Amino acid sequence: MYVLSAIVIMAALGLVLGLSLGVAAKYLKVESDPLVERVEELMPGSQCGQCGFPGCRPAAEALVSGTAPVTLCPPGGTALIEQLAKLLGVDVDLSNAQDQEPMVARVSEETCTGCTRCFKVCPTDAIVGAPKQIHAVVADACIGCKKCVEVCPTECLQMHPIEVTLRNWRWPKPLAA
Amino acid sequence: MSIKPVSGPHVAAVRRVDQIMRQVIVALTPATALGVLLFGWPALYLLVITVLSAMLFEAFCLKLKGAAATPYLRDGSAILTGLLVAMTLPPWAPWWIGVAGSAIAIVLGKQVYGGLGQNVFNPAMLARVALLISFPIEMTTWANVTPLFTGPGLIDSLTLTFSGLDGTDAVTGATTLGLVKTGFSQSQTLPGALGDYSGFLAMIGWERGSLGETSTVLLLGGGLWLLRKGVIQWHIPVSLLVTVLLLSSIFHFWDGGHYLSPWVHLNSGALMLVAFFIATDYVTSPNTPLGQLIFGAGCGLLIFVIRSWGGYPEGTGFAVLLMNAVTPLIDHYIRPRIYGRYRNGKPLDISNP
Amino acid sequence: MLAFLENPRLRGGIHAEEHKQETSGQPIAADFPLPKKLFIPVQQHVGKPAEPVVKVGDKVLKGQLLAYSQGTISAPVHAPTSGTIIDVKDYPAPHPSALPVRTVIIETDGQEQWLKSFPPEDPFLLDPEEICSRVGGAGVVGLGGAVFPSAVKLNLGRKNQIHTLLINAGECEPYLTCDDRLMQERAEEIVAGIRLMLRGMQAPKAIVGLEDNKPVAFRAMQAACREFDNISVEQVPTRYPMGWDRQMLRYLTGQEIPADGRATDIGVVVHNVATAHAVYKAICLAQPLISRVVTVSGGAVGKPQNVEVPIGTLMSEVLAFCGVDKAKMARLVMGGPMMGDALPISEVPVVKACNGILALSRDEIEEPEVQACIRCSSCVTACPVGLLPLEMASRIKANQLDSAVDLGLKDCISCGSCSYVCPSNIPLVHYFKFASGELVKRQQAEHKSEQTKRLMNDRNQRMERARLEAEAEALRAQEARAARAAAQAAAQQQAKVEESV
């Protein structure tokens, strides 16, 4: 007798509470920016393609749908990984994450033919030069997407790490115990 | 050419971990020595077995981790844990209690969390509570005071430690707290329930109890020495003891027949040991002075509550474990006030005169 | 009661072995031989580097301008002695990385011939703005080690109408005694400099704060200030880092500078005592900053002492003068042992920031292996700012920089008290320096990100404009062709009509 009433009461409770949750999910929902927009805000926005997606928006969509890991963006570095992990609620072990050495392109002046193919594809207009004249890369504007390296016919464009000077020298991380 | 930069401070190290551990062991030595003196050879054997097994389990865990054992063993933390466990055990407990206690303390209380500095609960208290719940008979069999050369001899003591007591009640009895608790359950009242309690003997340690917990005065002395050396801070011991004294005074004044007096509380059970050596454990107590005061007060409160109204006569183990669980919360909310900011982190506002 | 627990006038800090006895008893050596070559970097101050005005082959006189300051936060650099410019090139800087800095190299001629200068009749009748501009022109920067351009600070003080000038004579770092000796030997000149600073900022009073381990200097300064009611000398307890200006301010005035503000927010400006002396020289003697007193000490130095050296002298020469035993030298430190930089090579020049050269022997820097943190919270007790070093370090170790910033990383002054007390020998301050660098890197990366977005936008707009123009051009060409065709057709029609008529 008691067992029957216990079962009935528990089932009724479950039904009522479940229904309430469903109603609340619909009517008490908190509106917020679509997640994809917020993820895209965080990305560097250079559309460099190093993540394998054709731009930052498709990468953001992949992140939200869970098909891409939060470690996908090399230019974003560990800062981006941390922010994406927080936003998407993903657990990521950052203790071994290392920032990739940022690289910039450099024109080797001996082999440049002035064909202008490179500056046409540079997404930030970081290459200066006119037809038949030697081109040069403005390192400050270069985002390291490597598009120019791909189209250069004489392979005079190479990627180099950014030169360390007194101004941009930083303390390295101490070795762990 | 990349030069590996060296960061300051460029000074010789002034404090070391093994130095600190050694100082704590030294502070515990008088009370331990008295314990051996009071309870004879079985106590010594138990002590040695517990400490050695603590070291063995530590070496074993380190081997499993793949780390070199010697530097860790040398830093003295395993020895200290073993010593503290031994001090909380009944002096004539069988050898396997000591081994089990060390195993729980080192393996479950310390290594599974990641080793030194990572555990949440105090290893010694964890071991004591686990043993108390799992082996209540052995953990509540308290030997009478039988000074070193008057009790069982070297060989007889070996038998005691390795095959256990043979059921003769003449050599065991109840501790003060246990006696009183039993008395209350039989509707006796204080001071009758105390029997032939002597405040003076309790203070110097001449009473039944755990191996190293009996002597209030020696433990107090060791604790004050540690304070002087800067190994521990005053906040936890003071807040813990003051809370217990305060609460026991209030309740004893209100109902002297059912609540022990502050003096009895102070001198019984593990209160002194816990106040100066257990609750002050670095890893499991809060980092800030205010946090430590709260922690100490919480321990004191719980100790009093469990002793007065709980099922067990002694409440220190449970109290410490419960407060250990609260420590991360305390640390999260209680932070020092940063220079130039309010407590909530916002910069000081001096625009309004 | 809580206030007593958490808000004392003196918080945290450590008391290390002072090692000051070795050098505080002897006078500043004035017989340092003039080096054959001087290497003067153009960046010896906070702000933009100075721009050289001399070129190779130029002959310069002592005190002549070598490089002028660029922009508001900058300082000029002058020739420490007469000679010939033999090079202007990149040379290793006195920095832990020994990376190069643009350096003017002078070959000295031994004549010590001064550039003609015109000291003022009565320096105390000069206008405040004139005082500040002369101080700036003399290249005076903060000689306590922060090397902030002093003229900028003086001007700031005047604009903010400050009420107190605090002269920081704390010198809390072990080994260093250059400020101590300066006060013992040149107290009157320092006080003249203080009075000039007061005039330059139009401030009413000054307080000189020094640690109580300098009793002789205290008496000397008191004697020199006796006739000036508005300058007082106060002693503060000896406890590193008492020389941290905010700590000293709180101890002497009870007020705290807000975390996001400067001393001027509470009406105070802080200057180092050696800077006051440099101001005296700049105004009263019309001499630019071309030399400074350096404490040379450490276990590997045979004759530890304070030496007045010309800026640009190689440290190896200074050490040789003081009898260094190279075999015993385990580490070369510029500055004090707590916050100073370990230099990889000693053939780097003495710059304006260099208040100490320490050749430390092995047992002075002996450090055991790094062990796990035992959460003893000694670092929390030692931190003068009120941070939680153990928590910040464990977050930084796990690369969680945002959590570390939440805990107060940006307020860390890198004093090293936490590392000093840590029994596990964890390099705490190294973690914080690393993390601060990372934060700067991230800020720069964000900046670059914005710049990239802007550049890409500009480019897209340019391409769009080009495309629209091309379309418009094509449209116009088409219309023109159509118009020509229509006109041609009309003309043909007209011709036909005329023909038929």
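This report walks through chains A, B and C of a predicted model.

## Ground rules

Because the model is predicted, local features need pLDDT of at least 70 and side-chain atom pairs count only at pLDDT 80 or more, while totals for chains, interfaces and linings use all residues. Residues are numbered from 1 along each chain as its sequence is written, and chains are lettered from A and ligands numbered from 1 in the order in which they are written.

## Chain A: overall form

Let's start with chain A, which has six helices and four strands. Helices (H or I, at least four residues) and strands (E, at least two) are DSSP runs, numbered from the N terminus. Reading from that end, the order is α-α-α-α-β-α-β-β-α-β.

How does the radius of gyration of chain A compare with that of a compact globule of 177 residues? The globule would come out near 16 Å, but chain A has 26 Å. (The radius is taken over C-alpha atoms, and the globule rule is 2.2 Å times the number of residues to the power 0.38.) Along the principal axes, the C-alpha atoms fill a box of roughly 95 × 45 × 25 Å. Buried residues make up 21% of the 177 residues in chain A; buried means that 20 or more other C-beta atoms lie within 10 Å of a residue's own, exposed means 12 or fewer, and partly exposed is in between, with C-beta atoms placed from the backbone.

## Chain A: two domains

Chain A is divided into domain 1 (35-96) and domain 2 (103-161), with bounds from an automatic or database domain assignment. Their centres, taken over C-alpha atoms, are 27 Å apart. Six residues of domain 1 are in contact with four residues of domain 2, where contact means that C-beta atoms, placed from the backbone, lie within 7 Å. The domain 1 side has two nonpolar, four polar and no charged residues. Here Ala, Val, Leu, Ile, Met, Phe, Trp, Tyr, Cys and Pro count as nonpolar, Asp, Glu, Lys and Arg as charged, and the others, Gly among them, as polar.

## Chain B: a helix and a residue

Helix H6 of chain B (residues 123-134) has twelve residues and should span 16 Å at 1.5 Å a residue; its end C-alpha atoms are 16 Å apart, so the two agree. The expected span is 1.5 Å times one less than the number of residues. Among the buried residues of H6(B) are B:Met125, B:Arg128 and B:Leu131. The cover over its buried residues includes helix H4 (77-88), helix H5 (95-108) and helix H14 (271-278) of chain B.

Elsewhere, B:Val238 is found in helix H12 (residues 235-254) of chain B. Why does B:Val238 count as partly exposed? Because it has 17 C-beta neighbours inside 10 Å.

In chain C, three strands form an open antiparallel sheet in the order E2-E4-E5. Strands E2 (51-52) and E5 (77-78) are the edges, each pairing on one side only. Strands pair if DSSP finds at least two bridges between them, and two bridges join E2(C) to E4 (residues 65-68). The partner of C:Pro52 in E4(C) is C:Ala67.

## Where the chains meet

Chain C has 28 residues in contact with 26 residues of chain A. Helix H16 (residues 428-500) of chain C gives the most to its side, with 14 residues.

On the other contact, 35 residues of chain B touch 57 residues of chain C. The chain B side divides into 21 nonpolar, eight polar and six charged residues.

How values were computed
Two residues are in contact if their C-beta atoms, placed from the backbone, lie within 7 Å.
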